[in-house]
Amino acid sequence: PATWATRAATALAVASLLAHFSTFTALGVVVDLGRAGLLLGGAAVAAALFALGRSVLRGATRLDRAERIGVAILALTAAGLCVKQSYLTFRREEVRFRDGSVELAGSLYTPRGAGPFPGVVMVHGAGSGLRDEYAVYARWFASHGIAGLAYDKRGTGASTGERWKADYEDLSRDALAGMRLLQSSPAVDPARVGVMGISEGEWVGLLAAVEARDAAFLIVVSPSGRSPADQVLYEVEGNLRRQGVAEDAIRRALDLNRRVFAFVRDGKGREALAADLQAARGQPWYGTAKLPDDLGQQSDWAWWRSVMDFDPLPYWSRLDCPALILSGGRDPKNPAADTQARIEGALRSGGNTRVTGRVYPRAEHGLIVWWLPGRLPPPRFASGYLEGLITWVRQQTAPLRPASRTRRRAAAARSPGSRPTSA
């Protein structure tokens with residue numbers, strides 16, 4: 001039977017493979033797990049596999065000494081490759097930078113070796129906005145020669161400020177401050193720093209890239225090309241249709257949503273709207289329609305009112321850097337073909353033809369693919385998505401001549417925004 005050395009080597013390989021898989025795949029985006037939790041989970045799975053393997057080895061299957069040595073070598077090699085890819089190809093530095101009175105905390109991942117390197121600032125989607133959710137991308141970039149910055153959204157994690165008092169303009173200034181931090185890093189070429197926004201990060205990242213005036217590129221993942229309010233209406237209609245809700249009920253749900261949005265804007269018609277919402281509350285589609293349980297006070301809607309009608313197309317028409325637009329063919333929030341056409345049209349109307357659009361047919365929001373029945377974890381990213389990011393960024397960030405880099409660094413120093421500081 002296999003010796004303890006063989007079992008230990010194989011256990012290390014399995015745990016390392018699982019940790020590597022969790023670190024660089026969609027599991028870290030969908031499930032918020034710390035690295036220690038991933039390693040413990042990997043060890044638990046490895047132990048289960050060993051228990052199964054040991055029972056088999058105690059039966060008819062036996063390994064001789066040469067076979068045991070071969071298994072141990074393969075296992076240790078696999079573990080070594082995973083550790084190298086996951087931990088030894090980049091450096092991680094805890095950083096802090098400022099946007100006015102707000103101090104933002106993040107993790108800067110830089111490749112090992114001789115720089116300076118291109119860089120990418122990760123811009124949050126909706127939700128908590130903790131850096132761990134976006135560090136998977138920063139690590140991926142850094143392991144392929146591109147620095148990545150992931151930070152806690154203001155008011156979350158170790159960042160100060162108030163999350164629910166920040167509109168897209170506020171959040172874009174935070175992202176711009178992160179871009180300036182990257183540009184000030186000795187390991188990063190300031191002329192080759194861009195922005196990557198996911199979901200809601202389209203609106204925020206777009207504003208940051210336009211305001212920066214020297215962004216090397218902009219990547220948006222699962223964008224909408226429309227206002228948040230219009231996106232909600234599209235999502236609600238699609239979800240109701242997929243559930244087989246009758247057409248008259250769909251029209252009723254959409255009408256109620258539009259009336260809620262109108263109330264948020266001007267506060268008028270509360271009594272009639274509250275009565276109609278109460279009458280619809282018992283319908284089985286009410287929750288899917290994303291209708292509120294209570295209209296509350298006008299102040300309760302302050303954040304939504306500040307962002308709901310934001311139209312990104314005028315800003316797309318002002319963007320003057322290369323743009324990569326990535327959509328999922330099964331995204332319930334955004335129609336892929338229409339979104340691509342809207343954004344590309346806006347870019348071209350402003351004279352920007354440096355746009356690349358890609359649709360991943362089987363991917364959902366965030367370019368996630370649930371490949372197991374019943375949406376069982378782990379999910380994975382769409383095939384070719386991560387690799388495509390690296391290829392495209394490298395194409396856009398071919399090194400400039402030294403004089404060009406000096407001019408771009410000077411432009412960054414003159415650009416609006418607070419001077420970031422590294423901790």
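Analyst: The answer starts with the chain as a whole, turns to the salt bridges, and then goes on to other local features.

This is a predicted model. The protein chain has 15 helices and 10 strands. Of its 423 residues, 49% count as buried. Residues 24 or more positions apart account for 74% of them.

Now the salt bridges. The count comes to 21.

Take K153 and E200. Their side chains form a salt bridge, with the closest N and O atoms 3.9 Å apart. The rule asks for a nitrogen within 4 Å of a carboxyl oxygen, so a pair at 3.9 Å is counted. K153 sits in the loop between β4 (147-151) and α6 (168-184). E200 sits in the loop between β5 (188-198) and α7 (201-212). The two are 47 residues apart, and the pair links distant parts of the chain. How are the two partners placed, buried or exposed? K153 is buried, and E200 is buried too.

R154 lies in the loop between β4 and α6, whereas D174 lies in helix α6 itself, so the pair ties together parts that are 20 residues apart in sequence. Both ends can be checked for burial. R154 has a relative accessible area of 10%. D174 has a relative accessible area of 1%. The limit for buried is under 20%, so R154 at 10% is buried. D174 at 1% is buried by that limit as well.

K165 and E162 give another pair. Their closest N and O atoms are 3.5 Å apart, and they form a salt bridge. K165 has a relative accessible area of 63%, and exposed means over 50%, so K165 is exposed. E162 counts as partly exposed, at 47% relative accessibility.

Some salt bridges join into a network. R92, E94, R131 and D152 are linked in this way.

From charged pairs, turn to helix packing. Two packed helices are described by the angle between their axes and the distance between the axes. Here the helices are α5 (residues 132-142) and α14 (residues 385-396). Their axes come within 10 Å and cross at roughly 55 degrees. That angle makes α5 oblique to α14. The crossing is right-handed. Which residues meet? From α5 come Y137, W140 and F141. From α14 come Y385, L386, E387, L389, I390 and V393. The residues of this contact divide into 8 nonpolar, no polar and 1 charged. E387 is in the contact list, and Glu counts as charged.

A strand residue comes next. S327 lies in strand β7 (residues 323-328). S327 is buried, with a relative accessible area of 4%. Its contacts, leaving aside neighbours within four places in sequence, are with P223, A336, T339, Q340, R358, V359, Y360 and L367.

Next, the backbone. Most residues other than glycine have a negative phi, and most peptide bonds are trans. Some sites in this model depart from that pattern. A cis peptide bond joins G115 and P116, with omega about 0 degrees. P116 is in the loop between β2 (102-111) and β3 (117-123).

R213 is not a glycine, yet has a positive phi of about 70 degrees. R213 is found in the loop between α7 and β6 (218-221). At 57% relative accessibility, R213 counts as exposed. K290 is not a glycine either, and has a positive phi of about 60 degrees. K290 is found in the loop between α10 (270-280) and α11 (302-307). At 41% relative accessibility, K290 counts as partly exposed.

The loop between α10 and α11 also holds D300. D300 counts as exposed, at 56% relative accessibility. D300 and V264 are 36 residues apart along the chain, and their C-alpha atoms are separated by 9.4 Å.

K153 with E200 is a buried pair. In the other pair, K165 is exposed and E162 is partly exposed.

How values were computed: Residues numbered from 1 in each chain as written. Predicted model: local features only at pLDDT ≥ 70, side-chain atom pairs only at ≥ 80, totals over all residues. Heavy atoms only, no water. Helix = DSSP H or I, 4+ residues; strand = E, 2+ residues; numbered from the N terminus. Buried < 20%, exposed > 50% of the residue type's maximum accessible area, 1.4 Å probe, protein only. Axes fitted to C-alpha atoms, helices over the stretch in contact; angles between N-to-C directions. Parallel < 35°, antiparallel > 145°, perpendicular 65-115°, else oblique. Left-handed = near helix turned anticlockwise from the far one by under 90°. Contact = heavy atoms within 4.5 Å.
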